[in-house]
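Here are my notes on this one, as numbered points. Have the model open while you read.

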Amino acid sequence: MQTGRGDIAYVRKFEYNDLDRIVSLANSTLAEYYSHELIFDISEQWRDGFMVYVFRDEIAGFIAGSRHSQTEARVLLLAVDPDMRRIGIGTALMNDFMKLCRDQGMMSIRLEVQTQNTDAIVFYRKLGFVIISTMKKYYTDLSDAYAMWRLL
Ligand SMILES: CC(C)(COP(=O)(O)OP(=O)(O)OC[C@H]1O[C@@H](n2cnc3c(N)ncnc32)[C@H](O)[C@@H]1OP(=O)(O)O)[C@@H](O)C(=O)NCCC(=O)NCCS
């Protein structure tokens, strides 16, 4: 995969102009509702930890994280356009995110995923995450979440 601006496909930091596309992608792919304000707030919390995957000048996926503690990062949002799945975009975003976390001295990473989201659970397992607990009624619709975790 090529990785620089001007190439066909690359990962870069989130920019304010991306907001509409990110909100639309988030609300068409993720379980919860995300307003422009919420996505903007997430981007402000940790600018480096919000990355987009650009393919042919369009955003095909994104990842947003937070610093859960000084040594642990958390994936808050990860989504890939349904038409662009299974070609490695989610993995590329996670790998860049994990590299950033390592570079910033973090030692582990955690995330939450709906217990019924088998696709994402398989995806995270392949990346080395393990389920460490179940959180009952975690989501707005009262569905349960697994907490998943891995060392960096
Ligand atoms: C989970 C998600 C981010 C994966 O993105 P992606 O770009 O399709 O993932 P990749 O192409 O990098 O997949 C890597 C591996 O994960 C596994 N995987 C990914 N999607 C899968 C699926 N639908 N079914 C089974 N395994 C899957 C496969 O092992 C895959 O490798 P392979 O294609 O060589 O078999 C994407 O499906 C998505 O956006 N889902 C909706 C949003 C979501 O659930 N986000 C996570 C919330 S916590």
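**Notes on the fold and the ligand shell**

1. Starting in the sheet: Val54 stands opposite Ile59 in β3. That pair belongs to the contact between strand β2 (residues 50–55) and β3, which run antiparallel and are joined by six bridges. Strands here are DSSP runs of E with at least two residues, helices are runs of H or I with at least four residues, and both are numbered from the N terminus. Two strands count as paired if DSSP finds at least two bridges between them.

2. Before going further, some housekeeping. This is a predicted model, and local features need pLDDT of at least 70, side-chain atom pairs count only at pLDDT 80 or more, while totals for chains, interfaces and linings use all residues. Residues are numbered from 1 along each chain as its sequence is written.

3. The whole sheet is open and has seven strands, in the order β1-β2-β3-β4-β5-β7-β6, with mixed pairing. β1 (9–13) and β6 (130–135) stand at the edges with a single partner strand each, so one side of each has no neighbour in the sheet. From one strand to the next, the twist averages 25°; angles run from 0 to 180 degrees between N-to-C directions, with axes fitted as lines to C-alpha atoms (for helices, over the stretch in contact).

4. Over at the β6 end, β6 and β7 pair in the antiparallel sense over five bridges, and Val130 has Trp149 in β7 as its bridge partner. Strand β7 (residues 145–151) also pairs with β5, again antiparallel, over seven bridges. There, Leu111 stands opposite Met148 in β7.

5. Which residues of helix α1 (residues 19–29) are buried? They are Ile22, Leu25 and Ala26. Those residues sit on the same side of α1 because they cover an arc of only 100° around the axis, the arc being that of the directions from the helix axis to the C-beta atoms. Asp20 and Ser28, on the other side of α1, are exposed. The cut-offs, with C-beta atoms placed from the backbone: buried is 20 or more other C-beta atoms within 10 Å of the residue's own, exposed is 12 or fewer, and partly exposed is in between.

6. Leu19, also in α1, counts as partly exposed because it has 15 C-beta neighbours inside 10 Å. Leaving out residues up to four places away in sequence, Leu19 touches His36, Ile39 and Phe40. Contact means C-beta atoms, placed from the backbone, within 7 Å.

7. α2 (36–45) is among the elements that the buried residues of α1 pack against, together with β3 (58–67) and β4 (72–80). In α2, the buried residues are Ile39, Ile42 and Ser43. They line one face of the helix, since they fall within an arc of 100° seen down the axis of α2. Glu37, Asp41 and Glu44 are exposed on the other side of α2. α2 lies across β2, β3 and β4, at about 60° to β3.

8. Now your ligand. It is surrounded by 20 residues, the closest being Arg85, Gly90, Thr91, Asp119 and Phe123; near means a C-beta atom, placed from the backbone, within 6 Å. β4, α3 (89–103), β5 (108–114) and α4 (118–126) each give two or more residues to the shell, and α4 gives the most, with five residues.

Definitions and conventions
Two residues are in contact if their C-beta atoms, placed from the backbone, lie within 7 Å.
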